[in-house]
Amino acid sequence: MPKKIIFLSIIAIIFLGVAAYSNSFKNDFVWDDESLIVNNELIRDISNWQMVVTQELLSGSHTNYYRPVQVFSYMLDYRIWELNPFGYHLTNFLLHILNAILVYLLLMNIMLEARGYRLQAKSLQLGACSLERNYIPFLTALFWVVHPVHVEAVSYISGRADLLAAFFMLSAMLLYIRSFSRPRLATRYLLLATLLFILALFSKEISIMLPAALISYEYFFRKEQRLSFRIKRITPFIVIAIFYISLRQTVVNFSSLSIWLNQAISPRNIHNLGMVRFFNFFKGSLLYVRLLIMPVNLHMERYIIPATSLFNPYVLAFIAITAVFILAFKKFSFISKHIVLFGIAWFFIFLFPQSNFIFIWLTAEHFLYLPSIGIFLITAIGFHSFYKRKEVLAVLLAAIIVLFLGITTFAQNYIWRDNFTFYRWMDKYAQASYLVRNNLANIYAYLGKDDLAIAKYEQALGINYRTKIRDHRIETIEENRKLLFDNLEKKYRDTLKAQPFSAVPYYNLAYLYERKGRFSEAIPYYEKAIELKPKFAEAISNLGNVYERQGRFEEALSQYKQAVSVNPRFAQGYFNIGVVLANQGKLKEAEEYFTKTLEIEPGYQKAKDYLKIIRK
């Protein structure tokens, strides 16, 4: 391969990477960055290295993550940048760019080993041969470096474990492959590869899968060599992996659970259901591929409903797609079959330890950082086949896709700008995360927006009560909510003294008491608000809510009807009437009111849900 082509390809990869992530350098510390960096005293003094190598990633967190290399990288950043987030983002970005270059060089070397492409090269001129062999590695690296699913690993400083593990593993694998073409340096290359493997293991636990990736490479590209030679090369990596597992189960085991099985994520009543794990693995794999194909609404704290049956749509779809792929693979003949199989193997090898087979409920975009290389490799092979038939169209389509992915990544970086922006985005999508609501509530409280803060604290507590997961943060949330309630009560009473003839202060105070469950105290304030403003539909309806919670259903129904009489466009009032009637068994009448609610407000989701139940 001419060095000029390699050089220009690397420049293009760097340029597109810079363009996609150029706005991430202004981002602040977000989410776990506060605990891992801002408030982490360990990284501020290099003399703390002994504590780093003897405790988990964050002492007392009980995550059982042992990643000293990640902490050492923060130490280095702190010595240079102290607590300037720019430097930490720069390190993440540089690691990502280096990884993209390694992806390109690794696949370039694999292409040189691909038997079909070696034979094809004999019938091509030098220039054409170079372009043929460069196309797939280059396009794979381009897709990979700009894809927005990696923002969670790159723009999120605490996602550095994925970057470091990928850097050491890709480097180790590249040296492993290069050792075949440099017999005199083979021993040194392999020794250095094993050292890099050790660093990868101490960067992130997923690195334990590197020997499986090497075995996959040996199987698909080194079949002609004697089995004993191949076993001899792989053995040091397997021995290191076994030693690492033993170490994690004994000396550096910080949890009673195994490395990946966190009880908060995988409840014990699901642990024992082996088939559920397989079904969930099928579902999760499809969801991950969908994220790569349609990278929209990206966010952290992704939870899925486990697939518990063979007849789950995702499970059936996975089986059907697999069957179609196997049939097509057998029917059609093309020179890159073993490269496609290697890409599939790569995807599942590095996905499995982080898949929904292990994490029953959880999916995460940064889990795709390494596995996605396999999918992009297969995609690039498809584009290569298309390129042979329609060169201009293939290049144009690839350029459009790369541009779209790069622009999406650029936009996604803004979501990680600061905690307020981040949590407001997460609030829209991470519906099952009480921590997101709690953290957003803390920000609202800091900004003096007490009403919004209380609402988010209540959402956080509601989610927690449903999931029945209790930790020390729940008591803090409850205390913060009480403090804000007390502050608001004082503020509303002061406003009431200043504006005794305004209905709004009475309404606010009544609504506050209602939310605190002090219904008998809320009633007179709602009544006073209605007295001052007889057509105050919200106050009339809320008084009905209080009556309903007290079991005074006829009085509640009367209030709701009064609310819609003073404001015929008051959708909430019609909905409330429908609920009371439905609870009384008057389903036909309830249906009419839910229908009326949707006529006024077509997007009223609760009314739609009730109608579905009634019409079943």
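Modeller: An axis is a line fitted to C-alpha atoms, for helices over the stretch in contact, and the angle between two axes runs from 0 to 180 degrees between N-to-C directions. The structure discussed here is a predicted model.

Colleague: How do the axes of helix α11 and helix α12 run, roughly parallel or roughly antiparallel?

Modeller: The axes of α11 (residues 210–221) and α12 (residues 227–249) come within 9 Å and cross at roughly 170 degrees. Because angles over 145 degrees count as roughly antiparallel, α11 and α12 are roughly antiparallel.

Colleague: How many charged residues does the contact of α11 with α12 have?

Modeller: On the side of α11 the contact is made by Pro211, Leu214, Ile215, Glu218 and Tyr219, while α12 brings in residues including Arg230, Arg233 and Phe237. Sorted by class, this contact has eight nonpolar residues and no polar ones, and the number of charged residues is three.

Colleague: What is the handedness of the crossing of α9 and α11?

Modeller: Helix α9 (residues 160–181) packs with α11 at an angle of about 30 degrees, and their axes are 11 Å apart. The contact involves Met169 and Phe180 of α9, among others, together with residues of α11 including Leu210 and Tyr217. The crossing of α9 and α11 is right-handed.

Colleague: Is Ile523 buried or exposed?

Modeller: Ile523 lies in helix α24 (residues 519–532), and, not counting residues up to four places away in sequence, Ile523 touches Leu543, Val546, Tyr547, Gln550 and Arg552. Its relative accessible area is 11%, and because buried means under 20%, Ile523 is buried.

How values were computed. Residues are numbered from 1 along each chain as its sequence is written. This is a predicted model: local features need pLDDT of at least 70, side-chain atom pairs count only at pLDDT 80 or more; totals for chains, interfaces and linings use all residues. Side-chain values use heavy atoms; hydrogens and water are left out. Helices (H or I, at least four residues) and strands (E, at least two) are DSSP runs, numbered from the N terminus. Buried means under 20% relative accessible area, exposed over 50%, partly exposed in between (1.4 Å probe, protein chains only). Contact means heavy atoms within 4.5 Å. Angles under 35 degrees count as roughly parallel, over 145 as roughly antiparallel, 65 to 115 as roughly perpendicular and the rest as oblique. Ala, Val, Leu, Ile, Met, Phe, Trp, Tyr, Cys and Pro count as nonpolar, Asp, Glu, Lys and Arg as charged, and the others, Gly among them, as polar. A crossing is left-handed if the near helix is turned anticlockwise from the far one by less than a right angle, and right-handed if clockwise.
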